[in-house]
Amino acid sequence: MQQPLVNQDVVFKEKGGLVAVEAEYFNKQTHSEIRQWYRTTKDSAAIVGRDEDANHYLNASNYSYIEVLPDTRVTHDDVIVRGENFSNKPGQLAVVSYKVNFSSPGRYYVWVRAMSTGSEDNGLHVGLNGNWPEHGQRMQWCAGRTYWMWESKQRTKEEHCGVPHKIYLEVPNAGIHDVQFSMREDGFEFDKFVLSNDINYVPIDIGPTVLLAAGNLPKSDNSKPELSYFQTIARSLPGNKYIAAQEFPVEGTHFYKNGKNWMAINPKKHKKAQTSKTFNFESGRYDVIFVGVGENDGRSTFRIKLNETELGVYQPPITPVLWEEGKRFNGFWKNVKLKKGDKITIEAQVATDGTEWTRARWAGLVFTPVGQGEIVQESPSTYTFYKKNK
């Protein structure tokens, strides 16, 4: 059995009606004879029977997550074996527990950050103190099949994609309680959970900070990953200048910060976005690299402007994996005249393959000495993930 990272004395803290816990910080795992939760990090992933998806650590909170393995039911074509690769009965298979100190009793809505890469690995159960109430059963994800996504919906006979506000825990009194999750479908990938007493609360990005009431979390180097592709090429020459995407304004632009490196558009809310920033470096001529991100569900369109003049329009090519960075996904313009004080504008539009939407992700702009742009882009893409084969 995969041993817990934290001791029994580790207790997470509810503050202001909010609790946040990393999934890998369970203190106990039970009912693990048939299926178990296994940790995946930057440097390690369990090899336990069938597991067809890749390592998804990069955009996971704390760069780590847990997954129920082996994963023998990925699609509808795979045979369902109740009590083995599927359990509609909570508490039956692969149960992980977390101690939480609640200062305020009452109803807490449960949010879980998860990713599903198949049609049959998107269900989970939640319980409290060994009890598995109806309102904690059948957490369901329909969206988020190719990216980490927060959800708090309950699957019903009438609504298979889930009904909001139906997944919650009733905390009977202040004090320490065991929050527990059990497998519904194997292959489920579990990054983090949040409990909130506000029915209108919705976590964003990697969610709120984890707070401790007692004990200590293990030391980890997960918070110090290798440089991103953008950072690698931006710092490859002393003469390079660069502006990371997340240095551009967000408010009122329809962009949002996606992870630690990208700007993106939430296609459920917007289809276009625009943001501008001043070029505050030395005036001169530069090779300009727009560091885009290839996605597997379409070709987003980016329009780059200098003041009111269009520098160019760029569409990163489609990639067969979830997302990919590297030279072939970059827009590139040679020998561009730039003056300190110029306004640089990025306009973006999402695309679709007819089923899913892109997010128009981009990492930033790099300005290299003239003639160096081609060389700079040859830096290896350290962030090419989500391949079908590990």
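# Briefing on a predicted model

Proline 70 sits in the loop that runs between β5 (65-69) and β6 (95-102). The structure is a predicted model.

**Backbone geometry**

- Most residues other than glycine have a negative phi, and most peptide bonds are trans.
- Tyrosine 63 is not a glycine, yet its phi is positive, at about 55°.
- Tyrosine 63 belongs to the loop between β4 (36-40) and β5.
- The relative accessible area of tyrosine 63 is 9%, which is under 20%, so this residue is buried.
- Asparagine 335 also is not a glycine and has a positive phi, of about 50°.
- Asparagine 335 is placed in strand β26 (residues 330-338).
- With 40% relative accessibility, asparagine 335 counts as partly exposed, because the limits for that class are 20% and 50%.

**An open sheet**

- Four strands make up an open sheet, in the order β20-β27-β23-β24, and their pairing is antiparallel.
- The edges are taken by β20 (272-278) and β24 (309-314); each has a single partner strand, so one side of each has no neighbour in the sheet.
- From one strand to the next, the twist averages 15°.
- Five bridges link β23 (residues 301-306) with β24 in the antiparallel sense.
- Leucine 306 has threonine 309, in β24, as its bridge partner.

**Nonpolar cores**

- In soluble globular proteins, nonpolar side chains tend to be buried together.
- The largest nonpolar core here holds 37 residues, and the members touching the most others are Tyr98, Val112, Val179, Phe181 and Phe190.
- Two or more residues of this core come from each of β2 (18-22), β5, β6, β7 (106-115), β8 (123-128), β13, β14 (175-183) and β15 (189-196).
- A second core is separate and has 26 residues, including Ile243, Phe255, Leu338 and Ile346.

**Valine 171**

- Strand β13 (residues 168-171) contains valine 171.
- Valine 171 counts as buried, since its relative accessibility is 4% and the class covers values under 20%.
- Apart from neighbours within four places in sequence, valine 171 is in contact with Phe102, Pro105, Gly106, Tyr108, Leu128 and His177.
- Between valine 171 and phenylalanine 367 there are 55 Å in space, C-alpha to C-alpha, and the two are 196 residues apart in sequence.

**The disulfide**

- The model has one disulfide, which joins cysteine 142 to cysteine 161 with an S to S distance of 2.1 Å.
- The torsion about the S-S bond of cysteine 142 and cysteine 161 is about -95°, so this disulfide is left-handed.
- Cysteine 142 is in the loop between β9 (139-140) and β10 (149-151), while cysteine 161 is in the loop between β11 (153-154) and β12 (163-164); the pair therefore ties together parts 19 residues apart in sequence.
- Cysteine 142 has 23% relative accessibility and counts as partly exposed.
- Cysteine 161, with a relative accessible area of 35%, is partly exposed.

Methods. Residues numbered from 1 in each chain as written. Predicted model: local features only at pLDDT ≥ 70, side-chain atom pairs only at ≥ 80, totals over all residues. Heavy atoms only, no water. Pairing = 2+ DSSP bridges. Axes fitted to C-alpha atoms, helices over the stretch in contact; angles between N-to-C directions. Buried < 20%, exposed > 50% of the residue type's maximum accessible area, 1.4 Å probe, protein only. Contact = heavy atoms within 4.5 Å. Core = buried A, V, L, I, M, F, W, Y, C linked by side-chain atoms within 4.5 Å. Disulfide = S-S within 2.5 Å.
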